[in-house]
Amino acid sequence: MKNYVIKGGVLCREKDDQVLARIKSVLNTRQKTITLPDGGSMSTDVRSREDAKKPESDDVRQREYVLLDGQGHLVAAARPDYAPGQDPALEGWPVSHMPRVNQARLQMEGGSYQLTMENSQYYTLQDQEGNILLRLVHRDLLGGWNLETEADFGGGVLCGLFLFCRYIEKENEFMVV
């Protein structure tokens, strides 16, 4: 098991505090930049899907989260979806709140995965067989997040997956008009 910590936008190995990546916000956008110790970079963003029927729609299924390498090539893409029993196409749009989003179908390195928000402080990444490859757990009063994995994800990919979790969380925030 490999253990990592993200705190203050910095990803470190838990055992020796070696910095593996840093996350920085891009002003006034949802885009984030991930800088790596070797001088490389990656970025994440939320965009309308290329095959979206209504790109301006409030339906989260019309969006995708992307992780790009330093040259702008797609590394991973996640398509968010509603929690079971929350699909507005089946249940109708709720009057008092937005439908809850708790998952995203992830395509990465030729594989398909499921990223799930178990609750606001615990996320999992599962492969097609249901094996948990990554756990992200909030550290409560200590602040930051613990990441536990058996997989060989690089620092940039770990940060990208963490940011996808944060994008799912943002989908559930109450909109103030």
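Met108 counts as buried (under 20% relative accessible area, where exposed is over 50% and partly exposed lies in between, with a 1.4 Å probe and protein chains only), because its relative accessibility is 2%. The model is predicted, so local features need pLDDT of at least 70 and side-chain atom pairs count only at pLDDT 80 or more, while totals for chains, interfaces and linings use all residues. Residues are numbered from 1 along each chain as its sequence is written, and side-chain values use heavy atoms, with hydrogens and water left out.

Met108 belongs to strand β8. Leaving aside residues up to four places away in sequence, Met108 touches Val75, Ala76, Tyr113, Phe153 and Val157; contact here means heavy atoms within 4.5 Å. Asp16 is 92 residues from Met108 along the chain, and the C-alpha atoms of the two are separated by 28 Å.

The wider setting comes next. The chain has two helices and 12 strands, which are DSSP runs numbered from the N terminus (helices H or I with at least four residues, strands E with at least two). In sequence order the pattern reads β-β-β-β-β-β-β-α-β-β-β-β-β-α. The radius of gyration, taken over C-alpha atoms, is 16 Å for the chain, close to the 16 Å that the globule rule gives for 177 residues, so the chain is as compact as a globular protein of that length. That rule is 2.2 Å times the number of residues to the power 0.38. Along its principal axes, the C-alpha trace spans about 50 × 35 × 35 Å. Of the 177 residues, 45% count as buried. The accessible surface comes to about 10,100 Å², and 48% of it belongs to carbon and sulfur atoms; such areas come from the Shrake-Rupley method with a 1.4 Å probe, and for residues only the protein chains shown count as cover. Among contacts between residues at least 6 apart in sequence, 39% join residues at least 24 apart.

The 12 strands close into a barrel in the order β1-β2-β3-β4-β5-β6-β7-β8-β9-β10-β11-β12, with antiparallel pairing. Two strands pair if DSSP finds at least two bridges between them. From one strand to the next, the twist averages 20 degrees. Helix α2 (residues 155–171) packs on the sheet and touches strands including β1 (2–7), β6 (63–69) and β12 (145–149). The direction of α2 makes about 160 degrees with that of β6; axes are lines fitted to C-alpha atoms, for helices over the stretch in contact, and angles run from 0 to 180 degrees between N-to-C directions.

Several pairings can be followed residue by residue. Strand β4 (residues 32–35) is joined to β5 (residues 41–48) by four bridges, and the two run antiparallel. Thr33 has Ser43 of β5 as its bridge partner.

Further along, β10 and β11 are antiparallel and share five bridges. Tyr122 is partnered by Val137 in β11. These two strands form a hairpin with five residues between them, and Gly130 in the turn has a positive phi of about 90 degrees. Strand β11 also pairs with β12, again antiparallel, over five bridges. Here Val137 has Asn146 as its partner in β12, and Leu134 stands opposite Thr149. The hairpin of β11 and β12 has six residues between the strands, with Asp140 in the turn at a positive phi of about 50 degrees.

Strand β12 is joined to β1 by five bridges, and the two run antiparallel. Lys2 has Thr149 of β12 as its bridge partner. Four of the five residues of β12 are buried, so this strand is largely enclosed by the rest of the structure.

In soluble globular proteins, nonpolar side chains tend to be buried together. The largest nonpolar core in this model has 41 residues, of which Leu106, Phe153 and Phe164 touch the most other members. Such a core is a set of buried Ala, Val, Leu, Ile, Met, Phe, Trp, Tyr and Cys residues joined through side-chain atoms within 4.5 Å. Helix α2 gives the most to this core, with 10 residues. Residues touched by Leu106 include Ala76, Tyr113, Leu125, Leu161 and Phe164, not counting those up to four places away in sequence.

Glu171 also lies in helix α2. Its relative accessible area is 13%, so Glu171 is buried. Beyond residues up to four places away in sequence, Glu171 touches Val60, Arg63, Tyr65, Pro80 and Val101.
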